[in-house]
Amino acid sequence: MIVSSTNPGELLEFPMELHSSESTALSANALQYFQQGMAELQNGNAALAVSALSHTVAMAPAFADGRVFLGIAHSLSCEIYPAIDQLEKATELAPDSFIAQYALSQLYFKLRVVEKGYERAKSALQCVTNIEQRKMLTQLLREEKTRERNGIARPSFNKPFSRSSLWIAGGGLCAAVLAILLHLH
C-alpha cells in the first residue's frame, strides 16, 4: 500500500507488485509523477506520460521501473532512440527485472533487430518468476518466429566489409569525385 504524505522530501515505499529485485524508495514528488505517468499511459496519452515519467527519472535516476515505463512511453510516441536508451539503462540498473528485459526484447523485435531481441529474451527468461511471465515471453518468441517464417530475411550488417570491397568502393568514389570535378571545370 502507498502511504500518502504532504511532505515533499519524505520517502515512500512502493507497492510490492511493482517492486524490482530491490526495494525502491521514492520521494513523494517522484512517486506522484510516476503515478501520473502511469495513468497517462493507461489513458493512451504517451506524450503526457513521457513528460511525467521524465520528471520521475530526473528526481530518481536509479528507479529502474520509472525508466522502463518512460522507455515504453517513448516507444509509443515513436521516439525510438530515447526508448532504447531508457530501456537499456533500466536493464543496467536492474538486470534481474523481467519487465525491463522483456520490454527491450519486444522493442528490438518490433524494430527487426532480431539478434539483440533474442539476447534480451534470453536475459528475460533468466528473470522469470511466475507462469504468467513465462507465457508472455513464450508468446513474444512465437510471434517473432512467425514473423521470421513469413517475412523477408533482412541483413544483420554484423560482418565487417572485406578489404577488397573497401578498395573497390573507394576507387569508385574517387572516380565519381574526379568526374564531377572535371565536369565542373
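Predicted model: local features only at pLDDT ≥ 70, side-chain atom pairs only at ≥ 80, totals over all residues.
Biologist: What makes Arg-112, Glu-144 and Arg-147 one network?

Modeller: Arg-147 also forms a salt bridge with Glu-144, and here the closest N and O atoms are 3.1 Å apart. Both Arg-147 and Glu-144 lie in helix H7, three residues apart, which is about one turn of the helix. Salt bridges that share partners join Arg-112, Glu-144 and Arg-147 into one network. Arg-147 counts as partly exposed because its relative accessibility is 29%.

Biologist: How many salt bridges does the structure hold, and what makes Lys-135 and Glu-132 one of these pairs?

Modeller: The structure holds three salt bridges. For Lys-135 and Glu-132 the distance from N to O is 3.9 Å, which is within the 4 Å cut-off, so this pair is a salt bridge as well. Lys-135 and Glu-132 both lie in helix H7, three residues apart, or about one turn of the helix. Glu-132 is partly exposed because its relative accessible area is 48%.

Biologist: Why does Gly-117 count as buried, whereas Ala-58 counts as exposed?

Modeller: Gly-117, which is found in helix H6, has 0% relative accessibility and therefore counts as buried. If its neighbours within four places in sequence are left aside, Gly-117 is in contact with Ser-105, Tyr-108 and Phe-109. Gly-117 and Glu-144 are 27 residues apart in sequence, and their C-alpha atoms are 9.4 Å apart in space. Ala-58 has its place in helix H2 (residues 46-59), and because exposed means over 50%, its 61% relative accessibility makes Ala-58 exposed. From Ala-58 to Ala-30 there are 28 residues in sequence and 8.4 Å in space, C-alpha to C-alpha.

Biologist: What makes Leu-181 part of a nonpolar patch on the surface?

Modeller: A residue in such a patch needs over 30% relative accessible area and no salt bridge, and nonpolar side chains are joined within 5 Å. Leu-181 lies in helix H8 (residues 163-184), and at 44% relative accessibility Leu-181 counts as partly exposed, so the cut-off of over 30% is met. Leu-173, Val-177, Ile-180, Leu-181 and Leu-184 form the patch, with about 500 Å² of accessible area together.

Biologist: How do you know that helices H1 and H3 meet?

Modeller: Contact means heavy atoms within 4.5 Å, and on that basis Phe-34, Met-38 and Leu-41 in H1 meet residues in H3, including Asp-65, Gly-66 and Phe-69. The axes of helix H1 (residues 28-42) and helix H3 (residues 64-76) come within 11 Å and cross at roughly 35°, and H1 passes H3 in a left-handed crossing.

Technical notes: Residues numbered from 1 in each chain as written. Heavy atoms only, no water. Patch = residues over 30% accessible without salt bridge, like charges linked within 9 Å, V, L, I, M, F, W, Y side chains within 5 Å. Areas by Shrake-Rupley, 256 points an atom, 1.4 Å probe, with all protein chains shown as cover. Salt bridge = Lys/Arg side-chain N within 4 Å of Asp/Glu carboxyl O. Helix = DSSP H or I, 4+ residues; strand = E, 2+ residues; numbered from the N terminus. Buried < 20%, exposed > 50% of the residue type's maximum accessible area, 1.4 Å probe, protein only. Axes fitted to C-alpha atoms, helices over the stretch in contact; angles between N-to-C directions. Left-handed = near helix turned anticlockwise from the far one by under 90°.
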